[in-house]
Amino acid sequence: MDWTLECSACGATSEADGLRTVCDHCGAPWLVRYARKAPPPSLKSALAARLGGMWRYREFLPLAPDEEPVTLGEGSTPLLPAPRLGARIGLADLWVKDESVNPTGSFKARGLAAAITRAAIAGATRFTLPTAGNAGVAAAAYGARAGAKVQVFAPKSTPKPLLDQMTAYGADLVTVDGHIGDCGQLSRAFATENGAMDLSTLREPYRIEGKKTLGLEIAEQLGWTLPGAIIYPTGGGTGLIGMWKAFLELIAAGWVSGPMPRLVSVQSTGCAPVVRAYEEGKSACEAWKDAWTVASGLRVPGPLGGALILRGIRESHGTAVGVTDEQLLAGAALLSGLEGVDSCPEGGAAVAAARNLLSQGVLAPDERVVVFNTGAGVLYGHDFK
Ligand SMILES: Cc1ncc(COP(=O)(O)O)c(C=O)c1O
Ligand SMILES: [Zn+2]
């Protein structure tokens with residue numbers, strides 16, 4: 001294995017073999033550090049000739065040359081210019097990264113493909129995770145693909161089509177009268193009692209590596225240049241942390257020149273622990289009480305990776321911003337109606353944030369801005385629109 005693990009908080013290091021969870025010393029998430037030679041920029045043309053999917057970036061990923069990933073063809077999603085939406089909200093160079101077209105209908109496919117690939121190689125045959133919806137669907141599908149059993153804990157309030165997808169892929173589903181933090185406690189207890197591997201956000205090191213491919217893809221799709229700002233709807237934060245790590249690795253390896261895109265974290269005003277911590281200048285998030293938003297993926301009251309999210313935002317000179325449910329629903333309707341993208345409510349939050357940040361002068365009208373549609377609206381039953 002040509003990588004090791006480094007604690008994101010205390011700097012402790014560890015071998016990466018076997019099934020790894022969080023830092024043994026302080027409980028913070030691990031980050032993967034590659035010992036291999038950084039992929040040379042001369043690889044760009046060979047990359048262009050490869051077939052699609054996120055594993056085409058394997059030189060940046062935790063996979064040995066003789067290993068095969070557990071894959072359903074995730075990644076290589078379109079980065080779409082959004083001229084009509086841009087004209088409506090006042091941004092002349094607006095793009096949408098449309099993750100709704102991934103296998104399992106969301107960007108969660110990337111992280112779970114990477115996590116389940118490594119876990120399956122290490123011998124895991126049983127998984128458990130808490131989910132706001134889309135991660136559970138992805139875990140169920142990739143678990144099936146790996147021939148493993150999957151247990152999912154989801155809040156009762158999760159949209160029904162998402163719950164139905166989990167059981168359609170053969171997962172055992174328990175719905176919980178509580179939020180994702182409550183589901184997390186049940187999942188950890190299940191893991192201990194049943195010897196299942198816990199795939200919770202940032203409780204294993206590889207979901208971040210899968211999400212890194214979001215950043216690699218955006219850079220490649222823009223001809224190995226970086227946009228001015230990326231607006232990302234944030235719950236547990238793996239996507240934002242993954243992109244931050246991707247851009248650091250790309251810049252360090254000389255594939256792109258900086259500065260890093262400003263990473264903008266969007267949350268609902270009904271559950272905004274990252275926004276509050278950012279505004280108060282804190283370096284970690286405190287749990288949000290009575291969290292509620294129609295955007296189920298943003299209902300994460302106390303993200304384990306809060307410190308890493310805040311680091312990514314600050315190091316990239318980005319920001320964190322809350323939007324109301326009314327604004328995010330209007331944003332989703334605009335993205336679907338003007339561009340034909342199947343917007344989920346979280347994607348609508350990114351659109352609403354772009355609009356607000358432009359009116360506040362945080363974004364410039366001609367700046368290159370990428371908004372994320374993280375999943376498919378159809379999986380929310382469209383009741384939200
Ligand atoms: C559609 C959607 N968008 C955004 C998020 C938040 O993602 P992250 O946990 O990477 O912040 C989720 C998480 O469940 C989601 O399902
Ligand atoms: Zn540590």
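**Stop 1: Leu202.** Start by selecting Leu202, which is buried, with a relative accessible area of 2%. You'll find Leu202 in the loop between strand S9 (197–198) and H7. Check its backbone too: phi of Leu202 is near 65°, a positive value in a residue other than glycine. That deserves a look because most residues other than glycine have a negative phi. Before moving on, keep in mind that what you're looking at is a predicted model.

**Stop 2: Ser76.** Another positive phi in a non-glycine residue turns up at Ser76, this time near 55°. Ser76 sits in the loop between helix H1 (44–48) and strand S4 (79–81). Is Ser76 buried or partly exposed? Its relative accessibility is 36%, so Ser76 counts as partly exposed.

**Stop 3: a cis peptide.** Select Gly258 and Pro259 together and look at the bond that joins them. From Gly258 to Pro259 the peptide bond is cis, with omega near 0°. As a reminder, most peptide bonds are trans. Pro259 belongs to the loop between H8 and S11.

**Stop 4: the zinc site.** Now select ligand 2, the zinc ion, and show the side chains around it. Which residues coordinate the zinc ion (ligand 2)? They are Cys7, Cys10, Cys23 and Cys26, each through its SG atom, at 2.3 Å. Try the angle tool here: the angles among the four donor atoms run from 101 to 117°, and the site is tetrahedral. For four tetrahedral donors the ideal angle is 109.5 degrees. Along the chain, the donors of the zinc ion (ligand 2) follow the spacing C-x2-C-x12-C-x2-C. Cys7 lies in strand S1 (residues 3–7), while Cys26 is in the loop between strand S2 (13–15) and strand S3 (30–34), so this pair ties together parts that are 19 residues apart in sequence.

Stop 5: Switch to cartoon and pick out S1, S2 and S3. These three strands make an open sheet in the order S2-S1-S3, with antiparallel pairing. S2 and S3 are the edge strands, each pairing on one side only. On average, neighbouring strands of this sheet are turned by 35° against each other, direction ignored. How many bridges join S1 to S3? Five, with the two strands running antiparallel. To see one of these pairings, select Trp3, whose bridge partner in S3 is Tyr34.

Stop 6: Take Cys344: the nearest cysteine sulfur belongs to Cys271 and is 16 Å away. Cys344 is buried, with a relative accessible area of 1%.

**Stop 7: salt bridges.** Side chains of opposite charge can pair when their charged atoms come close. This structure holds 20 salt bridges, and a handful will do for the tour.

- Arg50 and Glu59: their closest N and O atoms are 2.8 Å apart. Arg50 is partly exposed at 29% relative accessibility, and Glu59 is partly exposed at 26%.
- Lys212 and Glu249: the closest N and O atoms here are 2.8 Å apart. This pair links distant parts of the chain, with Lys212 in helix H7 (residues 206–221) and Glu249 in helix H8 (residues 238–252), 37 residues apart. Both Lys212 and Glu249 are buried.
- Glu367 and Arg262: these side chains meet in a salt bridge at 2.9 Å, N to O. Glu367 is in the loop between helix H12 (345–359) and strand S13 (368–373), and Arg262 is in strand S11 (residues 262–268), so the pair ties together parts that are 105 residues apart in sequence. Glu367 counts as buried at 14% relative accessibility, while Arg262 is partly exposed, with a relative accessible area of 23%.

**Last stop: a network.** Finish by selecting Lys97, Glu99, Arg110 and Glu217 together. Salt bridges that share partners join these four residues, Lys97, Glu99, Arg110 and Glu217, into one network.

Key: Residues are numbered from 1 along each chain as its sequence is written. Chains are lettered from A and ligands numbered from 1 in the order in which they are written. This is a predicted model: local features need pLDDT of at least 70, side-chain atom pairs count only at pLDDT 80 or more; totals for chains, interfaces and linings use all residues. Side-chain values use heavy atoms; hydrogens and water are left out. Donors are N, O and S atoms within 2.8 Å of the metal (3.2 Å for Na, K and Ca); water is not among the atoms, so sites may look incomplete. Four donors count as tetrahedral if all angles lie between 85 and 135 degrees; four count as square planar and six as octahedral if opposite donors are over 155 degrees apart and all others between 65 and 115; anything else is irregular. Helices (H or I, at least four residues) and strands (E, at least two) are DSSP runs, numbered from the N terminus. Two strands pair if DSSP finds at least two bridges between them. Axes are lines fitted to C-alpha atoms, for helices over the stretch in contact, and angles run from 0 to 180 degrees between N-to-C directions. A disulfide is a pair of cysteine sulfur atoms within 2.5 Å. Buried means under 20% relative accessible area, exposed over 50%, partly exposed in between (1.4 Å probe, protein chains only).
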